[in-house]
Amino acid sequence: MSETAGAPATSGAARLGLSAGQAVQERGYDHDVDHDLRDEVEDLTGEQMLDEHDVDVVDAVLLWWREDDGDLVDALVDSLVSLADDGVVWLLTPKAGSPGHVRPSDVEEAAPTAGLFATSTVKPSPDWTAIRLVSGRGRR
């Protein structure tokens, strides 16, 4: 992706709305994740990402998800365990046409069941699409 001459490049982490000092938890890590995006997240936040075993409260969860990873509702509910009341879940799925691609209808069905809904979609890296999911009523 080319940038306009003189304009600063926008990192994938910045497209996710992340900022310095935020705590980010990563779930669904596997060999196919975008390592450049992971590095950008840590560089931008100034913090190492926490893994799914950490119980600290986080501002955002990056959930890498592929079609054959299991039950998406369960994964989304698990993502909420350490999420701050005003936190966001970024559901990262392989881009359309790639192995493991998740159909948007699957996300539209699973998110409300988990108490979340999609607010936007961004492309933070060449091979992954990110869907921003937020809670409708805050934490219970």
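**Note on salt bridges and a buried loop serine**

1. Glu26 has a relative accessibility of 7% and therefore counts as buried, the cut-off for that class being under 20%. This assignment, like the others below, rests on a predicted model.

2. Glu26 pairs with Arg38 in a salt bridge whose closest N and O atoms are 2.7 Å apart. The pair links distant parts of the chain, since Glu26 belongs to strand S1 (residues 24–27) and Arg38 to helix H2 (residues 35–45), twelve residues apart. Arg38, with a relative accessibility of 17%, also counts as buried.

3. A second pairing to examine is that of Arg66 with Asp32, a salt bridge in which the closest N and O atoms are 2.8 Å apart. Arg66 is buried at 8% relative accessibility, whereas Asp32 is partly exposed, at 29%. Asp32 and Arg66 are also joined with Asp69 in a network of salt bridges.

4. Across the whole structure, the search finds four salt bridges. One of them is formed by the side chains of Asp106 and Arg103, at 2.9 Å from N to O; here Asp106 is partly exposed with a relative accessible area of 27%, and Arg103 is partly exposed at 47%.

5. Ser82 is located in the loop between helix H3 (72–79) and strand S3 (83–94), and it counts as buried at 7% relative accessibility. Beyond its neighbours within four places in sequence, Ser82 contacts Gln25, Asp54, Val55, Asp56, Val57 and Val58.

How values were computed
Residues numbered from 1 in each chain as written. Predicted model: local features only at pLDDT ≥ 70, side-chain atom pairs only at ≥ 80, totals over all residues. Heavy atoms only, no water. Helix = DSSP H or I, 4+ residues; strand = E, 2+ residues; numbered from the N terminus. Buried < 20%, exposed > 50% of the residue type's maximum accessible area, 1.4 Å probe, protein only. Contact = heavy atoms within 4.5 Å.
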